[in-house]
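Me: Please take a close look at a single part of this model, the sheet and its surroundings, and walk me through it in one connected account.

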Amino acid sequence: MANTTVGGTSRRRVLRLAGGGLALAALGAGAAGCREDDVDEPAARGDKPAGSGEPSAGEGGGEDGKAPKALWSHSVPAETYGDNDELVAVAGMVIASGSPLSARDAATGEERWSLPDGVAPGAPLLLGDGTLYLASGKYDGTVSGYDPASGKETWQGRLGKEYRQPRPIAVDARQVYVVAEILEKDNSSHTNLIAALDAGSGKIVWSERRDLGTEQNGIHAAVQGRHLVYTDFKKNLTVRDTGTGRQVWTQKTEKTNYGFFTVHEELVIVPQGDRLHAYALADGARKWTVKAAHLTTFKEPAVVDGVLHIADSARTVRALDPATGKEIWQSKALAEAGFQVPRQYVKAGKLLCVATDLDKDGGVAALDAATGELRWTFNDGTGDYHAWLVATDGKRVFALHGKKLHALPV
């Protein structure tokens, strides 16, 4: 399997490109061997990545660089494509995208509620103002909101029969932003729209038809103040006014980045090959640029606790000031330990926990958030081909790998 190195395309990239409404069976016959029983069991170890060490004796993680012992591990009915918004920790629950959609107690791992119809494959789990928003697994044109603590439906929005498969892409305290296919008289679809639904009533606030040739799937979006920002696989970076839907600006990016970007205050930060650019949300003006080392490319960025984190294909991790692009620290610890390129970041206590694509030398690693020093790495040894996903409730770090969900101590 190709990993995330210069010139390589990981399997997760292929899954993302093919994702959206595809059935999980299309991903490969290997999924048939995944266990789905709901039992407590220790995390398997198998072949360990460099630097992982043995499980520590106590519940604390990372003593003397050793991998932490999982607080609990469960098999779950997860169906993920490696997007960062397919695993969430909220309201004392940890929830992984799948069908049925299953919520587990963060402290014990016991299932607390489930939704039989789950969530449409490839659709995100979006949190806004205490509500979990999902694209319906029934494909009935609805977008629903649920209480994450109980699983009870508390909100529903519907675009209408002339639209198909509405999917939420972003949410704020006032509105839920969705994309949907526009149906023709013969029930075909050649175009799609983007719309805002009122977070109270579910009614349409505004809707705008997108350009011919744009796709409904593969969109990555975020809301920052009065700006809705989104990218797609067509190399488009677009900003709209959240109040009216009016397009503020759009531009072609230099290279496809598989839709990855992050936002900070009045900036949108986008990796473009060996360059990392920051653009003003107000007008698209470029504010700063950071260049990667020779023959390396930047991967997914994330602003965590006010700090911009990004890795390159040489497995160097940088912490930057998102307002200026100035470096806070740079760490080569993952490369030195033989660990793979991180693609997702969460902060738990003093640790910056990162997750990788699937690789026998990948998994979850914990870095010192202040210095970038490597504290520990974790791999469950299952060999599952899915990417790793991480989430945190501040007390624990949750690691999802295929259909195995682990709770790790901070």
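Reply: Two strands are taken to pair if DSSP finds at least two bridges between them. In this predicted model, β10 and strand β11 (residues 175-183) pair in the antiparallel sense over 6 bridges, and among the residues involved is Tyr 163, whose bridge partner in β11 is Ile 182. These two strands belong to an open sheet of 4 strands, ordered β10-β11-β12-β13 and paired in the antiparallel sense. Because β10 (163-171) and β13 (204-209) stand at the edges with a single partner strand each, one side of each is left without a neighbour in the sheet. From one strand to the next, the twist averages 25°.

Within this sheet, strand β12 (residues 189-198) holds Asn 192, and with a relative accessible area of 2%, under the 20% limit, Asn 192 is therefore buried. Leaving aside residues up to four places away in sequence, Asn 192 touches Ala 180, Glu 181 and Ile 182, and also Arg 209, Arg 210, Thr 214, Glu 215 and Gln 216.

Key: Residues numbered from 1 in each chain as written. Predicted model: local features only at pLDDT ≥ 70, side-chain atom pairs only at ≥ 80, totals over all residues. Heavy atoms only, no water. Buried < 20%, exposed > 50% of the residue type's maximum accessible area, 1.4 Å probe, protein only. Contact = heavy atoms within 4.5 Å. Axes fitted to C-alpha atoms, helices over the stretch in contact; angles between N-to-C directions.
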